[in-house]
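Please take a moment to look over the sequence and the model before reading on.

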Amino acid sequence: MRLGIISALAEEQHGLIEALESPYKLVHGMREYTGGKLWEIDAVCVLSRIGKVAAAMTASILVEKFGVTHIVFTGVAGSGDKNVKVGDIVVAEELVQHDFDASPLFPQFEIPLTGLSRFATDTGLTEQLAAAAAQTTRVHRGMIASGDQFIGKLAQIQALKAALPDLLAVEMEGAAVAQVCFELGIPFAVIRTISDNANDDAAVDFMHFIKTVASRYAFDVIERFCREHVRSV
Ligand code: SAH
């Protein structure tokens with residue numbers, strides 16, 4: 001196994017790069033890839049930057065240039081459900097590109113020529129991440145939607161929830177990584193700590209959260225995931 005670990009922002013991957021043993025660095029396509037051993041796991045960490053294209057490009061390079069065999073995306077997200085609170089973790093079971101709409105040629109949300117509007121995560125990785133996260137905070141599992149929009153207006157999140165009633169969280173990268181991994185046959189998982197409620201307070205809550213809690217959570221969960229994973233194989 002070679003594990004690719006992607007986050008959009010530096011705070012979401014805080015401490016992981018320093019934890020890599022025998023690190024090597026390579027800059028490619030405006031991103032810095034750092035490889036090494038992460039608690040016995042052969043890993044490559046990278047910041048994708050924000051949005052679906054940025055995330056898709058980064059996931060593709062991880063597979064094609066760095067030979068990763070599995071991908072985990074770790075970051076923060078807005079809540080998409082009243083039971084999902086700031087500080088909770090959502091582990092994706094499936095991901096939707098909420099801003100994709102080629103109707104009437106294809107149903108809304110369907111990615112043309114895949115026949116799919118939802119991409120499923122790898123059950124094994126998802127199980128292990130959820131177990132690792134459950135030791136830190138409350139964990140939900142289900143659908144995450146991604147789009148090239150920061151959802152920061154109550155009307156926006158309400159409209160999304162009406163269109164996708166099983167929505168648990170909104171973010172800007174996960175579903176793009178999901179499509180790339182589906183097309184390349186790479187098992188992947190997405191884990192998100194809730195930083196805001198995707199409503200009118202979202203921008204302020206997001207900025208506060210990212211500076212305080214986000215980094216700590218990601219580090220603890222990934223450490224536990226790596227240690228347990230090694231034990232399980
Ligand atoms: N002002 C920030 C922009 C961050 S965009 C900056 O300058 O760095 C928000 C990031 O966190 C994205 O990577 C997205 O995946 C996630 N995210 C958190 N809350 C979100 C929300 N309410 N809507 C969409 N994405 C959100």
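What follows is a walk through this structure, which is a predicted model.

Taken as a whole, the chain holds seven helices and 10 strands. Its radius of gyration is 16 Å, close to the 17 Å that the globule rule gives for 233 residues, so the chain is as compact as a globular protein of that length. Along the principal axes, the C-alpha atoms fill a box of roughly 50 × 40 × 35 Å, and 54% of the 233 residues count as buried. Where contacts link residues at least 6 apart in sequence, 75% of them join residues at least 24 apart. The chain exposes about 10200 Å², of which carbon and sulfur atoms supply 56%.

Inside the model, the count comes to one cavity of 30 Å³ or more, and the largest cavity holds about 40 Å³ of space. Strand E5 (70–79), strand E10 (188–196) and helix H7 (214–232) are the elements that each give two or more residues to its lining. Among the lining residues are Thr74, Ile89, Arg192 and Tyr217, and the lining as a whole divides into five nonpolar residues, three polar and one charged.

A last stop is Gln149, which lies in the loop between strand E8 (139–146) and helix H4 (154–163). Gln149 counts as partly exposed because its relative accessibility is 38%, a value that falls between the 20% and 50% cut-offs. Leaving aside residues up to four places away in sequence, Gln149 touches His98, Gln156 and Met172. The C-alpha atoms of Gln149 and Glu21, which are 128 residues apart along the chain, are separated by 36 Å.

Key: Residues numbered from 1 in each chain as written. Predicted model: local features only at pLDDT ≥ 70, side-chain atom pairs only at ≥ 80, totals over all residues. Heavy atoms only, no water. Helix = DSSP H or I, 4+ residues; strand = E, 2+ residues; numbered from the N terminus. Buried < 20%, exposed > 50% of the residue type's maximum accessible area, 1.4 Å probe, protein only. Contact = heavy atoms within 4.5 Å. 1 Å grid on protein atoms, 1.4 Å probe; cavity = no way out; pocket = protein on both sides within 12 Å on 5 of 7 lines; lining within 4 Å. Points joined across faces, edges and corners; volume = space filled by probe spheres on them. Nonpolar A, V, L, I, M, F, W, Y, C, P; charged D, E, K, R; others polar. Rg over C-alpha atoms; globule rule 2.2 N^0.38 Å. Areas by Shrake-Rupley, 256 points an atom, 1.4 Å probe, with all protein chains shown as cover.
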